[in-house]
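My notes follow in the order of looking.

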Amino acid sequence: MARKRNPGRPTDLAKREAILAAATKAFFEHGYGAAAIEQIAAAAGVSKVTIYNHFSDKQSLFAAAIERECERMRGHFFIEGQSGAELRDHLLHIGLAMVAFLSRPEMVHFERRIAAETERNPEIGRAFLDAGPRRMKAALTAFLTAVADRGALAIDNPGLAAEQFASMCKGFGDVELRFGSPPAASATRQRVEAAVETFLKAYRT
């Protein structure tokens, strides 16, 4: 008698990834409120039951989808093999990548939708902050902590330093972007380069 095959963990992981991919697309295109679990299930090729087996509710799925999106930035926060002379280039790389990530039209559109939905449901705003911006700040904070531990920078408060660096990189261009007037790429690069130089002057040992 043939044994019944157990799909096992690879199949579960594949289903989870399909669900997250479909959920991310739905949330970014339609916002939290208009993204229906039924549509996400259909796009992922699974049932609603399967979604709820992986995620307890819609808000948990939303948080996981935002975390998945922000994982795209994680690879930029590394220090292995970095020498002191390379720190400037690495900070420039991080700053440009961060601004590019946040400036994508779909991200701007998504943030506008979430901001509007937060007025009706503050929990959605908190879920977005925890899964997205706060995770990115934590990753940048960890990077700066590691750099400080190696003696390349003198930082007493890495969390505050992370906020300062991110704010300088985004600058007024972030305001222009969100009100329909995206800055030129050359202006963005100039702003990030200046942010890196100012940051290094403030925290160099």
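**Salt bridges**

I began with Lys-48, which forms a salt bridge with Glu-38, the closest N and O atoms being 3.1 Å apart. The criterion I used for a salt bridge is a side-chain nitrogen of Lys or Arg within 4 Å of a carboxyl oxygen of Asp or Glu. Lys-48 sits in helix α3 (residues 48-54) and Glu-38 in helix α2 (residues 37-44), so the pair ties together parts that are 10 residues apart in sequence. Helices here are DSSP runs of H or I with at least four residues, strands are runs of E with at least two, and both are numbered from the N terminus. Lys-48 is partly exposed at 36% relative accessibility, and Glu-38 is partly exposed at 45%. For these classes, buried is under 20% relative accessible area, exposed is over 50%, and partly exposed is in between, with a 1.4 Å probe and protein chains only.

The model is predicted: local features need pLDDT of at least 70 and side-chain atom pairs count only at pLDDT 80 or more, while totals for chains, interfaces and linings use all residues. Residues are numbered from 1 along each chain as its sequence is written, and side-chain values use heavy atoms, with hydrogens and water left out.

I then searched the whole structure and found 13 salt bridges. One of them joins the side chains of Arg-135 and Glu-71, at 3.1 Å from N to O. Arg-135 is in helix α8 and Glu-71 in helix α4 (residues 58-74), so this pair ties together parts that are 64 residues apart in sequence. Arg-135 is partly exposed with a relative accessible area of 28%, and Glu-71 is partly exposed at 36%.

Glu-29 and Lys-25 also meet in a salt bridge, at 2.8 Å from N to O. Both lie in helix α1 (residues 8-34), and because they are 4 residues apart they are separated by about one helical turn. Glu-29 is partly exposed at 38%. I also noted a network of salt bridges that links Glu-69, Arg-104 and Glu-106.

**Annotated span**

I checked the UniProt record, an unreviewed entry, which lists residues 36-55 as "DNA-binding region". Positions from UniProt are in the numbering used here, feature names are shortened, and annotations may be inferred rather than shown by experiment. In the model, the end C-alpha atoms of residues 36-55 lie 14 Å apart, and the span is 75% helix and 0% strand.

**Packing of α5 and α8**

How do helix α5 and helix α8 pack, and at what angle? Helix α5 (residues 87-103) and helix α8 (residues 133-149) pack at an angle of about 180°, with their axes 13 Å apart. Axes are lines fitted to C-alpha atoms, for helices over the stretch in contact, and angles run from 0 to 180 degrees between N-to-C directions. The two helices are therefore roughly antiparallel to each other, a label for angles over 145 degrees; under 35 counts as roughly parallel, 65 to 115 as roughly perpendicular and the rest as oblique.

On the α5 side the contact is made by Leu-87, His-90, Leu-91, Ile-94, Met-98 and Phe-101, and on the α8 side by Met-136, Leu-140, Phe-143 and Val-147. Contact means heavy atoms within 4.5 Å. I sorted these residues into 9 nonpolar, 1 polar and no charged. In that sorting Ala, Val, Leu, Ile, Met, Phe, Trp, Tyr, Cys and Pro count as nonpolar, Asp, Glu, Lys and Arg as charged, and the others, Gly among them, as polar.

**Single residues**

Is Met-98 buried or exposed? Met-98 counts as buried, at 6% relative accessibility. Leaving aside neighbours within four places in sequence, Met-98 is in contact with Met-73, Met-136, Phe-165, Ala-166 and Cys-169. Met-98 and Lys-170 are 72 residues apart in sequence and 8.6 Å apart in space, C-alpha to C-alpha.

Thr-141, in helix α8, is buried at 18%. Not counting residues up to four places away in sequence, Thr-141 touches Pro-158, Gly-159 and Ala-162.

Gln-59, in helix α4, is partly exposed at 27%. Beyond four places in sequence, Gln-59 is in contact with Tyr-32, Glu-123, Ile-124 and Ala-127.

**Whole chain**

I counted 10 helices and 0 strands in the protein chain. Buried residues make up 41% of the 205 residues.
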